[in-house]
Amino acid sequence: MEIILLFDLKGTETQDLITSFVVFLVFVVYVSSVISTLFVYCFIGECFIQESTNLGNAIYNYDWYNLPETHWKFFLICMIRTKKPQFLTSGKFAVLSLSIFTDILKTSMGYLSVLRTFL
């Protein structure tokens, strides 16, 4: 029944409806690609933080104290360096992690809610 009503419309109204649907579809594809790209970057950043933390734990659990002095000094330097985990940043502005990803989504949804109240 809906399809029949769609074809009963005049030519320009049908074209406008199809054009607006195509624009909406392009918008949805664009937004989903931006969100998925941001998620991939944040997920890789989170994995990098976890691996740098795990490296410090692995060095600590190794029997470095039974090694010669030149070797255990190197291990001590590595343990001191891994106390502060490595991380990826976006332009030295924000650390890329899953918590930042959720913060970005929450903020975006908040802005969209405010915009909806004005429309």
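This is a predicted model: local features need pLDDT of at least 70, side-chain atom pairs count only at pLDDT 80 or more; totals for chains, interfaces and linings use all residues.
Q: What makes the meeting of the Glu69 and Lys73 side chains a salt bridge?
A: The N to O distance is 3.0 Å. The cut-off asks for a side-chain nitrogen of Lys or Arg within 4 Å of a carboxyl oxygen of Asp or Glu, so the pair qualifies. The structure holds one salt bridge.

Q: Why does Glu69 count as partly exposed?
A: Its relative accessibility is 46%. Buried means under 20% relative accessible area, exposed means over 50%, and partly exposed is in between (1.4 Å probe, protein chains only). Glu69 therefore lands in the middle class, and Lys73, at 42%, is partly exposed too.

Q: How do you know that the span of helix 3 agrees with its 13 residues?
A: The expected span is 1.5 Å times one less than the number of residues. That gives 18 Å for helix 3, and its end C-alpha atoms are 18 Å apart, so the two agree.

Q: Where is Thr82, and what does its side chain reach?
A: Thr82 lies in the loop between helix 3 and strand 1. Its side chain comes to 3.1 Å from the backbone oxygen of Met79. That's a polar contact, a pair of N or O atoms within 3.5 Å (within protein, one must be able to donate a hydrogen and the other to accept it, and residues adjacent in sequence count only if both atoms are side-chain atoms).

Q: Why is Thr82 called buried?
A: Thr82 has 18% relative accessibility, so it counts as buried.

Q: What about Ser20: which backbone oxygen does its side chain reach?
A: The one of Leu17, at 2.9 Å. Ser20 has its place in helix 2 and, at 41% relative accessibility, is partly exposed.

Q: How many aromatic pairs turn up in the whole structure?
A: The search finds four. Take Phe39 and Phe43: their ring centres are 5.9 Å apart and their planes at 25 degrees, so they're stacked. The rule is that rings of Phe, Tyr and Trp (its six-membered ring) pair if their centres lie within 6.5 Å, with planes under 30 degrees apart counting as stacked, over 60 as edge-to-face and the rest as tilted. Both residues lie in helix 2 (residues 11-61), four residues apart. Phe39 is partly exposed at 37%, as is Phe43 at 41%.

Q: What makes the pair of Phe39 and Phe101 edge-to-face?
A: The centres are 5.3 Å apart and the planes 65 degrees, so the pair passes both cut-offs. Phe39 is in helix 2 and Phe101 in helix 4 (residues 98-118), so parts 62 residues apart in sequence are tied together. Phe101, at 10% relative accessibility, is buried. Phe39, Phe43 and Phe101 form one aromatic cluster.

Q: Why is Lys92 called exposed?
A: Its relative accessible area is 80%, so Lys92 counts as exposed. Lys92 lies in the loop between strand 1 (89-90) and strand 2 (94-95). Its phi is near 55 degrees, a positive value in a residue other than glycine. Most residues other than glycine have a negative phi.

Q: Which pattern does the protein follow along the sequence?
A: The order is α-α-α-β-β-α, from four helices and two strands.

Technical notes. Residues are numbered from 1 along each chain as its sequence is written. Side-chain values use heavy atoms; hydrogens and water are left out.
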